[in-house]
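Subject: Structure handover

Hello,

Here is the structure I said I would pass on. Please open it next to this email and look up the residues as you read.

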Amino acid sequence: MKYSDKDDFQKRIEDMLKNANMDFMYGSPGGRAEKREGGSDNQEEDGQAREEALRLIRDFSFKPREVRDYLNRFVVSQEEAKKVLSVAICDHYNHVRMCVDEEVDSTVDYMKPNVLLLGPTGVGKTYLMRCIARLIGVPFVKADATKFSETGYVGNDVEELVRDLVKAADGDTELAQYGIIYIDEIDKIAGSRGSGSTRDVSGRGVQVNLLKMMEETDVNLVSQTDIVGQMQSMMSMQSGGEGKRTINTKHILFIVSGAFDNLTDRIRTRMGRGQIGFSAGGGQEVSSALNEDDDYYLKLVESVDLVDYGFEPEFVGRLPIRVGFDHLTVEDLEDILRNAEGSVLRQYRND
């Protein structure tokens, strides 16, 4: 179909988006604010919130002990994990603060302390990261690794993580580039090495796609499969505004976690402590002892164990910080109910 001129074409696109109940994001300079009732007030409030969030990053001055003490209010047990994460978080955001203040050369290579959390389900891995993001005041996104695929057509593309981070920051790319991305169930995308089991064939491809994001790359904020986003980007270019918008992942901290079933068996074998003889067929007592034993061996994980489990060596190299979580005891569960902030018992009392 031919149109008379550019303005006529732009009007047709805008009308089509309005009929689909979608905002035209890249129209006039104050487009989004004009469409909201009381737009100027909301725009001013959004600007104040943005400046406050950026100020927290520029003025980051937490010490590891202060971060750990804050986490102690919400998370019971996991003392070793809280110490390691506190140091990693302070190391990363102190470097971010110096880059923002131009105290360091931003072109110098920097090894991000991306973190790998290992532990069973329900021990507080996700809750721990939410508390850290709330303390620092940065955008936080959580996703499961199982929903991603290599191509992005039969499942989500890994770049959607960065786009979701921008949405969590209300479209502010400057704030989103300092956020935290948390990926759970990362063990589910491990390939099969030396075993007869067949795992997700796209697991290796997802690992490869995550590699460049975990280090540094520019991610296009408009997906290739997002037709509406592509039209908005095209309209922006025609109206003299921004074309394709991108965000750099250099300062985005990646935290991945998983239960890693049977990984402790591999570690025992490497250390020459495999189960043999009478203990191999033990009952409940042996199983309970091994449960505590698993916590010990999980903290001894090395790169070779993760590669043997099915991860690419390059992917393992992007995760220099590894933290093993403990199983929760009955006393820990009681402490969570009675003393932790945000306790379920407190919610029942309020109800």
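This is a predicted model: local features need pLDDT of at least 70, side-chain atom pairs count only at pLDDT 80 or more; totals for chains, interfaces and linings use all residues.

Overall picture

The secondary structure of the protein consists of 16 helices and seven strands. The protein has 351 residues, and 41% of them count as buried. Among contacts between residues at least 6 apart in sequence, 78% join residues that are at least 24 apart. The accessible surface of the protein is about 19,300 Å², and carbon and sulfur atoms account for 47% of that area.

Aromatic rings

The count of aromatic pairs is nine. One of them is the tilted pair of Phe 260 and Tyr 309, with 5.5 Å from centre to centre and 50° between the planes. Which parts of the chain does the pair of Phe 260 and Tyr 309 tie together? Phe 260 is in the loop between β6 (253–258) and α11 (263–270), while Tyr 309 belongs to helix α13 (residues 303–309), so the pair ties together parts that are 49 residues apart in sequence. Phe 260 is buried, because its relative accessible area of 3% falls under the 20% cut-off. Tyr 309 is buried as well, with a relative accessible area of 4%.

Another of the pairs is made by Tyr 296 and Tyr 297, and this one is edge-to-face: the centres are 5.2 Å apart and the angle between the planes is 75°.

A separate item concerns a charge and a ring. Arg 134 lies over the face of Phe 74, 5.1 Å from the ring centre.

Surface

Which residues make the nonpolar surface patch? Leu 337, Val 344, Leu 345 and Tyr 348 make this patch, which covers about 360 Å². Helix α16 (residues 344–350) gives the largest share of the patch, three residues. Tyr 348 is found in that helix, α16. Tyr 348 is exposed, because its relative accessible area of 58% is over the 50% cut-off.

Regards

Conventions
Residues are numbered from 1 along each chain as its sequence is written. Side-chain values use heavy atoms; hydrogens and water are left out. Rings of Phe, Tyr and Trp (its six-membered ring) pair if their centres lie within 6.5 Å; planes under 30 degrees apart count as stacked, over 60 as edge-to-face and the rest as tilted. Helices (H or I, at least four residues) and strands (E, at least two) are DSSP runs, numbered from the N terminus. Buried means under 20% relative accessible area, exposed over 50%, partly exposed in between (1.4 Å probe, protein chains only). A charge sits over a ring if NZ of Lys or CZ of Arg is within 6 Å of the ring centre and within 35 degrees of the ring normal. Patches are made of residues with over 30% relative accessible area and no salt bridge: like charges are joined within 9 Å, nonpolar side chains (Val, Leu, Ile, Met, Phe, Trp, Tyr) within 5 Å. Accessible areas come from the Shrake-Rupley method with a 1.4 Å probe; for residues, only the protein chains shown count as cover. A salt bridge is a side-chain nitrogen of Lys or Arg within 4 Å of a carboxyl oxygen of Asp or Glu. Contact means heavy atoms within 4.5 Å.
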